Amino acid sequence: MAANGFMGVQGAVSALDFLCGRTTALEAEWQAKTAGGDPRPKTTYLMLLTQVVTDAQTDMTTLVGIEAAGTGYARQPVPWGASSVTSRQSSNTDLIQFGPFNDPSGLAAPVTGAALVTRMTSSAGQPSGICLMAWNLASAITTAQNQALQLAAGSLTMTLAVT
């Protein structure tokens, strides 16, 4: 899955707020969740997209509307490695698998990208969570019945560029 990524609007705002010592959108979401005594969530999830997106389209309402669909599809947790001080990067440490997809046509539409989000589920009526980062693929991926999409360990990388 070769792709170029960009930080989602809410992800960028959260990163800037964190660097400035302000409460971030992520922190506010976690505080709301912990009000009920739940532990602070630390898992992020990858969702597959069926349309190319720009940074202006990374709100969850838009993303839920273009999320992949099909029997066997679900957002997958991303196991991140520790960030590297020298490269300012973090990569997935294990295989990430979507499917296999049981529909006769695989997924309903070709996959053109992915988004890193803070919640495993949401619905079009009440999207929840925020988009941290999005990637558009160099070329669309189509799936067949009983096929799965896999990302090898180390194939999903986030880099913080410093100039």
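Q: A nonpolar core is a set of buried Ala, Val, Leu, Ile, Met, Phe, Trp, Tyr and Cys residues joined through side-chain atoms within 4.5 Å. Which residues in the largest nonpolar core touch the most other members?
A: The model is predicted: local features need pLDDT of at least 70, side-chain atom pairs count only at pLDDT 80 or more, and totals for chains, interfaces and linings use all residues. Residues are numbered from 1 along each chain as its sequence is written, and side-chain values use heavy atoms, leaving out hydrogens and water. Buried means under 20% relative accessible area, exposed over 50%, and partly exposed in between (1.4 Å probe, protein chains only). The largest nonpolar core has 32 residues, and those that touch the most other members are L46, M47, L48, L63, Y73, F98 and L107.

Q: Which element gives the most to this core?
A: Helices (H or I, at least four residues) and strands (E, at least two) are DSSP runs numbered from the N terminus. Two or more residues of this core come from each of β2 (44-49), α3 (60-65), β5, β6, β7 and β8. With 6 residues, the element that gives the most is β7.

Q: What pattern does the protein follow along the sequence?
A: The secondary structure comes to 3 helices and 9 strands. Read along the sequence, these elements follow the pattern β-α-α-β-α-β-β-β-β-β-β-β.

Q: What percentage of the contacts between residues at least 6 apart in sequence join residues at least 24 apart?
A: Contact means heavy atoms within 4.5 Å. Among the contacts in the protein between residues at least 6 apart in sequence, the share joining residues at least 24 apart is 71%.

Q: Which residues form an aromatic pair?
A: Rings of Phe, Tyr and Trp (its six-membered ring) pair if their centres lie within 6.5 Å; planes under 30 degrees apart count as stacked, over 60 as edge-to-face and the rest as tilted. A search of the whole structure finds 1 aromatic pair. This pair is stacked, at 5.9 Å centre to centre with 10° between the planes, and its members are Y73 and F98.

Q: How many residues apart in sequence are the parts that the pair ties together?
A: Y73 is buried at 15% relative accessibility, and F98 is buried at 1%. Y73 lies in the loop between α3 and β3 (76-78) and F98 in strand β5, so the parts tied together are apart in sequence by 25 residues.

Q: With which residues is F98 in contact, leaving aside its neighbours within four places in sequence?
A: F98 is among the residues that touch the most other members of the largest nonpolar core. Its contacts, with those neighbours left aside, are L46, L48, Y73, A74, R75, Q76, A148, L149 and L151.

Q: Which residue forms a salt bridge with R75?
A: A salt bridge is a side-chain nitrogen of Lys or Arg within 4 Å of a carboxyl oxygen of Asp or Glu. The whole structure has 1 salt bridge, and both of its residues are buried. The closest N and O atoms are 2.9 Å apart, and the partner of R75 is E67.

Q: Which backbone nitrogen does the side chain of T118 reach?
A: A polar contact is a pair of N or O atoms within 3.5 Å; within protein, one must be able to donate a hydrogen and the other to accept it, and residues adjacent in sequence count only if both atoms are side-chain atoms. T118 sits in the loop between β6 (111-117) and β7 (131-141) and is buried, with a relative accessible area of 9%. At 2.9 Å, its side chain reaches the backbone nitrogen of I130.

Q: Which backbone oxygen does the side chain of S90 reach?
A: S90 is in strand β4 (residues 89-91) and counts as buried at 9% relative accessibility. Leaving aside neighbours within four places in sequence, S90 is in contact with residues including W80, L156, T157 and M158. At 2.7 Å, the side chain of S90 reaches the backbone oxygen of G81.

Q: Is N146 buried or exposed?
A: N146 lies in the loop between β7 and β8 (149-151). It has a positive phi of about 65° although it is not a glycine. Its relative accessibility is 54%, so N146 counts as exposed.
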